[in-house]
Amino acid sequence: MPPPADIVKVAIEWPGAFPKLMEIDQKKPLSAIIKEVCEGWSLGSHETYALQIADATNFYITEKNRNDIKNGSILRLTTSPYQTALQLHERIQSSSMDAKLESLKDLANASRDITFAQEFINLDGISLLTQMVESGTDFGDLLSFTLTAFVELMDHGIVSWDTFSVAFIKKIASFVNKTAMDTAVLQRSLAILESMVLNSQDLYHKVAQEITIGQLIPHLQGTDQDIQTYTIAVINALFLKAPEEKRQFDENIVDILNCPLTEMAHILAQKQLRSIILTSVIRSPTPINDEMAHQLYVMQVLNFNLCEDRMMTKMDPQDQAQRDIIFELRRIAFDVESEPNNGGSIEKRKSMYTRDYKKLGFINHVNPAVDFTQIPPGMMALDNMLYFAKHHQDAYIRIVLENSSREDKHECPFGRSSIELTKMLCEILKVGELPSENCHDFHPMFFTHEHSFEEFFCICIQLLNKTWKEMRATSEDFNKVMQVVREQIMRALSVKPNSLDQFKSRLQNLSYTEILKIRQSERMNQEDFQSRPILELREKIQPEIMELIKQQRLNRLCEGTCFRKISSRRRQDKFWYCRLSPNHKVLHYGDLEESPQGEVPHDSLQDKLPVADIKAVITGKDCPHMKEKGALKQNKEVLELAFSVLYESDEYLNFIAPDKHEYCVWTDGLNALLGKEMTSDYTKTDMDTLLSMEMKLRLLDLENIQIPEAPPPIPKEPSNYDFVYDCN
């Protein structure tokens, strides 16, 4: 007869004694269980003891998490969180350096547990740590473990960041500003500054006054990628929290940092920063890890978001300064004065302007300013056109004159094309959207030029003109040309070119003819048979294929997935793992110290959730963790990766998938467990792929074509390479 569900068999350790096997009744108060354990070892004052999980985490067992104890767990009897906090509070003030160091190590380790953290904070422990830092008497490992404990305690979100003094901020900033500083101290100091900036607008201003670009640059020039990552994270945080007017006025990251530099030094520093990131980080021999890739992606997004204001600004047809830009485009293209002083009536001049504006490809030939009232792209399109005309003058003049000499229906309208292309590039690069917490998609080529977006536009507008000619397009084909150009750009970006020149070379190989070949090849691979017998056969085998997909999803859930723990306080390398039991009855999950290299065994995952207790699967903005306020949470990409499992009455297990594929696998698998339909995009794609493959195999079988069970052997290498092919 199986034991009652409320009885859990565990082993309990106590230093200097043999482990004790006992049964825990989960209905009994935890204090009664601890008292019973203490009496078994003849220990008095049971209220000063507690139980811990005997693993690397050493988390305390509380009334809230006691249900996570499972049969076979190993627990440890130890001093209560309050007693431990009290002892460490006293020990870290020891006059003995060795004793103090050991105490700080213990504190840094214990602070990861929220139960202990709460007790230590109640003893005014945060104030004690800040005083120790401000005193300036600790260095090296002592300071490193002090800062580590501080970071761990603050990560629980119990104490507000606004409570810290200017003296503490200055001290932390001084560790960053020193050229020679212990690596661990520097890393924690950068992490603290990032959290301060992200969590308090007031602290943003104070930190920005203490940190200069000149003092951050040396940290990027080192070889420690973790330090480089935290340095870029601080820059990104300062940029993200900068007031809106500062972002609009200053068009580079350096100015956002309130550096005490002259205007010329600002420009030089911006070039230096970009150059150092390119040479010391992106082109470094050390492979870029996920966290660095994410920070580079965030920097790329924030840089492009500087364009948002111009993208959403309509042109004022009555603004003479804005109209002068259009006059300048006309002057450069046709080598004429924008306002001729000699001769000609007003009507004649109007006619001349109308003719030239038509040649420039504007939709409104009389008043082209009207073309730029559409947002997006607004004034950003005009800015790009002027940049192209000034910095690539020969190419600009050639495109305008080439098209003005063609028949009206065959000309590629430069003005209209530039406006639509700018809008398309903003969509591709997601200008105006907040960075995603899960994305690592940065493009090295955008770090190779001060005006990367404008140069990107210049390459793409020449591509558009080239593709227009290759397609022999007319004005009716405008949208078709734009679709082809979008495909060319997306395919070229997918290979992550290292420079704008490589991007340009890649586009040269993606001519319209090549795109047609690629499309034809893909169409043949996705060929769908539409005859009636084939459709009937498809319908007949579809349930079988759906069952196969369901089994695959459940198998993937059994393998499990590592999820990153997302915090609104700061980005952290903390992970948790979740997997389904082989009998499909329990979800096992638990925290990890680092990202695993393979599957994580069920036994090492501390928590579990019976599938029978799951009530529903919630996705997107309805998830409770998406309703919380956070600096980076409410953006579209994170919403698309969020899902939650509702169990009991109002309890949730919250997920943010690492990518869209894992999101679809998990939502499909969980819905399959609940007996609901799998509705993700990947299910439809997999269904189409497997159905097509199965249909082809069955048709081959009808033709009596034998399909071998094993693949053919790989041909052996030739023994003699001394041969030549005779072309004759």
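# Briefing on a predicted protein model

A search of the whole structure finds 25 salt bridges. The structure is a predicted model. The protein chain contains 30 helices and eleven strands. Of its 728 residues, 46% count as buried.

**The chain as a whole**

- The protein chain exposes about 37,200 Å², and carbon and sulfur atoms supply 50% of that area.
- Among contacts in the protein chain with a separation of 6 or more, 66% are between residues 24 or more positions apart.

- Side chains of opposite charge can pair when their charged atoms come close.
- Asp-106 and Arg-91 form a salt bridge, in which the closest N and O atoms are 3.1 Å apart. This pair links distant parts of the chain, with Asp-106 in helix α3 (residues 97-110) and Arg-91 in helix α2 (residues 81-91), 15 residues apart.
- Asp-106 has a relative accessible area of 36% and is therefore partly exposed. Arg-91 is also partly exposed, because its relative accessible area is 33%.
- A salt bridge also joins Arg-486 to Glu-427, and here the closest N and O atoms lie 3.2 Å apart. Arg-486 belongs to helix α23 (residues 478-494) and Glu-427 to helix α21 (residues 414-428); the pair links distant parts of the chain, 59 residues apart.
- The relative accessible area of Arg-486 is 32%, so this residue is partly exposed. Glu-427 counts as partly exposed as well, at 43% relative accessibility.

- The side chains of Glu-470 and Lys-466 meet in a salt bridge with an N to O distance of 2.9 Å.
- Both Glu-470 and Lys-466 lie in helix α22 (residues 452-471), where they are four residues apart, about one turn of the helix.
- An α-helix has 3.6 residues a turn, so residues three or four places apart point the same way.
- Glu-470 counts as partly exposed at 32% relative accessibility, and Lys-466 counts as partly exposed at 22%.

**Helix α23**

- The 17 residues of α23 should span 24 Å at 1.5 Å a residue; the end C-alpha atoms of the helix are 24 Å apart, so the two values agree.
- The buried residues of α23 include Phe-478, Val-481, Met-482, Val-484 and Val-485. Glu-487 and Gln-488 are also among the buried residues of this helix.
- Lys-496 follows α23 and has a positive phi, near 50°.

- Where does Ala-395 lie? Ala-395 is part of helix α20 (residues 393-404).
- Is Ala-395 buried or exposed? Its relative accessibility is 9%, so Ala-395 counts as buried.
- Ala-395 touches Phe-388 and Gln-462, when residues up to four places away in sequence are not counted.
- Ala-395 and Ile-461 are 66 residues apart along the chain, and their C-alpha atoms are separated by 9.9 Å.

**The sheet of β9, β10 and β11**

- Three strands form an open sheet in the order β9-β10-β11, with antiparallel pairing.
- The edge strands are β9 (614-619) and β11 (651-656), each of which pairs on one side only.
- From one strand to the next, the twist averages 20°.
- Six bridges connect strand β10 (residues 642-647) with β11 in the antiparallel sense. Phe-643 stands opposite Phe-655 in β11.
- Helix α29 (residues 660-673) packs on the sheet and touches β9, β10 and β11; the direction of the helix makes about 25° with that of β10.

**Strand pairs that involve β4**

- Strand β1 (residues 7-13) and strand β4 (residues 74-79) run parallel and are joined by three bridges. Ile-12 stands opposite Leu-75 in β4.
- Strand β3 (residues 49-53) pairs with β4 in the antiparallel sense over five bridges. Thr-78 in β4 is the bridge partner of Ala-50.

How values were computed: Residues numbered from 1 in each chain as written. Predicted model: local features only at pLDDT ≥ 70, side-chain atom pairs only at ≥ 80, totals over all residues. Heavy atoms only, no water. Pairing = 2+ DSSP bridges. Helix = DSSP H or I, 4+ residues; strand = E, 2+ residues; numbered from the N terminus. Axes fitted to C-alpha atoms, helices over the stretch in contact; angles between N-to-C directions. Contact = heavy atoms within 4.5 Å. Buried < 20%, exposed > 50% of the residue type's maximum accessible area, 1.4 Å probe, protein only. Areas by Shrake-Rupley, 256 points an atom, 1.4 Å probe, with all protein chains shown as cover. Salt bridge = Lys/Arg side-chain N within 4 Å of Asp/Glu carboxyl O. Expected span 1.5 Å × (residues − 1).
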